[in-house]
Amino acid sequence: PRKVTTHVLSEMKMKGEKISMLTAYDYSMASIVDQAGLDVVLVGDSASNVMAGWETTLPITLDQMIYHGASVVRAVKTALVVVDLPFGSYQGNSREALHSAIRIMKETAADAIKLEGGVEIVESVKRILSAGIPVMGHLGLTPQSIHKFGTYTVRARQEEEAKKLIEDAHLLEEAGCFALVLEKIPAKLAAQVASELKIPVIGIGAGNGVDGQVLVVHDMLGINQSFSPRFLRRYHNLFAEITGAVRNYIEDVKSGDFPNEREQY
Ligand code: KIV
Ligand code: NA
């Protein structure tokens, strides 16, 4: 299969072909999802929760995102690789934003970066784009602003917030973003944004009227048992699978069954 580029994603939207996207944070998982034929791999700052066990996405650093990003890029042959700019590396200062984006591009060899927000960060988006770095936007539930909102509930249910989201989406498209993630907003609003924009809109908890879907890979594989929002479809119960395998191993070690004659030198 040919390498997925931002241009390929734009063609997919024009042809009405849905875009598949998942997160990955390490070489081994990235290698699996890429070989399975996924279109886009997101090195999300959800690594802060999933990999590091933090409560929010705020603590993860630019250096840590670079470590995850470089690990994923080394594995991926076909998918487009997008790396999140972490909290504190781009907000409010477009020069710092550009510097952070350049570090990601140079030190991971990813294909693009993603950042959260609309009008508040559009200067940063423009500055990064002017350096030739593709930018993916992210609106709706933006976990880096959790302390502003206070909850992870559905966003833009009220007309005022919906109106701002639509304006922000157009602003990001006009600035030159190649795609947009919409997280946890009403399906009807997401569908409206996807139909108004020419760039692909990828949803998570945003219904089926968008141009593609993204999930956190550990969630959809059922590695994490505690997180179960309505939008999450579990494709496997890896928690149970891994628990079973580990229990078998423990039993075999304790009983002396492992290793056997053929498993030693
Ligand atoms: O960090 C992440 O996993 C994300 C997706 C949920 C879109 O930003
Ligand atoms: Na993210």
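**Burial and overall form**

I looked up burial and found that buried residues make up 43% of the 265 residues in the protein; a residue is buried if 20 or more other C-beta atoms, placed from the backbone, lie within 10 Å of its own, exposed if 12 or fewer, and partly exposed in between. I note that this is a predicted model, in which local features need pLDDT of at least 70, side-chain atom pairs count only at pLDDT 80 or more, and totals for chains, interfaces and linings use all residues. Residues are numbered from 1 along each chain as its sequence is written, while chains are lettered from A and ligands numbered from 1 in the order in which they are written.

I find eleven helices and eight strands in the protein, taken as DSSP runs numbered from the N terminus (helices H or I, at least four residues; strands E, at least two). The radius of gyration is 20 Å, close to the 18 Å of the globule rule for 265 residues, so the protein is as compact as a globular protein of that length; the radius is taken over C-alpha atoms, and the rule is 2.2 Å times the number of residues to the power 0.38. Along the principal axes, I read a C-alpha span of about 65 × 40 × 40 Å.

**Annotated positions**

From UniProt I took the feature "binding site", placed in an unreviewed entry at Asp45, Asp84 and Glu116; such annotations may be inferred rather than shown by experiment. These positions are spread over 72 residues of sequence, yet they cluster in space, with a largest C-alpha distance of 10.8 Å.

I placed Asp84 in strand 3 (residues 80–84), where it is buried, with 27 other C-beta atoms within 10 Å. Not counting residues up to four places away in sequence, Asp84 touches Val43, Gly44, Asp45, Met65 and Lys114, contact being C-beta atoms within 7 Å.

Glu116 I found in the loop between strand 4 and helix 6 (122–130), and it is buried too, with 24 other C-beta atoms within 10 Å. Its contacts, leaving aside neighbours within four places in sequence, are His138, Thr142 and Gln144.

**Backbone details**

I checked Ala109, whose phi is near 65°, in the loop between helix 5 (94–108) and strand 4 (112–114); Ala109 is exposed, with 12 other C-beta atoms within 10 Å. Ala156 has a phi near 60° and sits in the loop between helix 7 (146–149) and helix 8 (159–175), but Ala156 counts as buried, with 23 C-beta neighbours inside 10 Å.

Lastly, I recorded that the peptide bond from Phe258 to Pro259 is cis, with omega near -5°.

How values were computed:
Contact = placed C-beta atoms within 7 Å.
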